[in-house]
Amino acid sequence: NKKTIEGEIDYLIVGSGPGGAVVASELVQAGLRVVMLDKGEFYYPNKVDGRNLFGFSQQNYTFNTLGSHIFTKGEVVGGGSFVNMDLAFPTTLPYIKDRFLEWEQTGAVPKGVWSQENIERSYEAVAGIINPRKLNEFEDINKNNDVLRRGALAMGLSHDTYWLTNKKS
């Protein structure tokens with residue numbers, strides 16, 4: 001059941017993940033005509049078991065900077081937003097703040113591109129739209145995550161100290 005729509009557009013956005021969705025939303029709110037394309041399938045999020053998301057991921061993987069962890073990328077309408085199922089980490093958490101500072105200090109982003117106040121204001125704006133939930137470790141953490149969590153705790157690490165103790169010099 002295909003439908004053809006004809007007309008002029010102002011912008012074509014490829015990918016409906018977190019980046020593409022935000023850009024599309026801003027452009028539409030500015031009154032522009034936008035088409036968004038995504039190669040992934042569309043699923044109703046409330047009809048999906050969030051503990052079994054491997055069917056929604058690309059077959060290639062991304063590694064963390066140390067090469068010790070493998071991450072899959074979403075290949076579904078909504079991309080990483082769908083795969084992460086409305087989890088968002090507040091920018092007020094120490095390890096998130098430290099990561100932003102590290103990016104600026106290492107030159108990954110130019111100095112002065114953002115301020116902590118702008119980051120927090122942006123997070124609040126997004127949180128007001130998506131209403132992120134807090135992680136429930138008894139329901140949301142799968143077996144693999146639990147092994148990592150227990151190992152980190154046994155080493156004396158917590159989620160708040162991970163970035164502080166594992167920064168590259």
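Predicted model: local features only at pLDDT ≥ 70, side-chain atom pairs only at ≥ 80, totals over all residues.

Trainee: How much of the protein chain counts as buried?
Mentor: Of its 169 residues, 19% count as buried. Buried means under 20% relative accessible area, exposed means over 50%, and partly exposed is in between, with a 1.4 Å probe and protein chains only.

Trainee: How many helices and strands does the protein chain have?
Mentor: Six helices and four strands. Both are DSSP runs numbered from the N terminus: helices are H or I with at least four residues, strands are E with at least two.

Trainee: And in what order do the elements run?
Mentor: From the N terminus on, β-α-β-β-β-α-α-α-α-α.

Trainee: Let's pick helix H3. What span does it reach?
Mentor: H3 covers residues 94–105, twelve in total. From first C-alpha to last it reaches 16 Å, close to the 16 Å expected. The expected span is 1.5 Å times one less than the number of residues.

Trainee: Which residues in H3 are buried?
Mentor: Tyr95, Ile96, Asp98, Phe100, Glu102 and Glu104.

Trainee: What comes just after H3?
Mentor: Gly107, with a positive phi of about 85°.

Trainee: New topic. How many aromatic pairs are there?
Mentor: Three. Rings of Phe, Tyr and Trp (its six-membered ring) pair if their centres lie within 6.5 Å; planes under 30 degrees apart count as stacked, over 60 as edge-to-face and the rest as tilted. Take Phe100 and Trp114: the ring centres are 5.0 Å apart and the planes at 70°, so the pair is edge-to-face.

Trainee: Where do those two sit?
Mentor: Phe100 is in H3, and Trp114 is in the loop between H3 and helix H4 (116–130). They are 14 residues apart, so the pair links distant parts of the chain.

Trainee: Is Trp114 buried or partly exposed?
Mentor: Partly exposed, at 25% relative accessibility. Phe100 is buried, at 16%.

Trainee: Which residues do ring pairs link into a cluster?
Mentor: Phe100, Trp103 and Trp114.

Conventions: Residues numbered from 1 in each chain as written. Heavy atoms only, no water.
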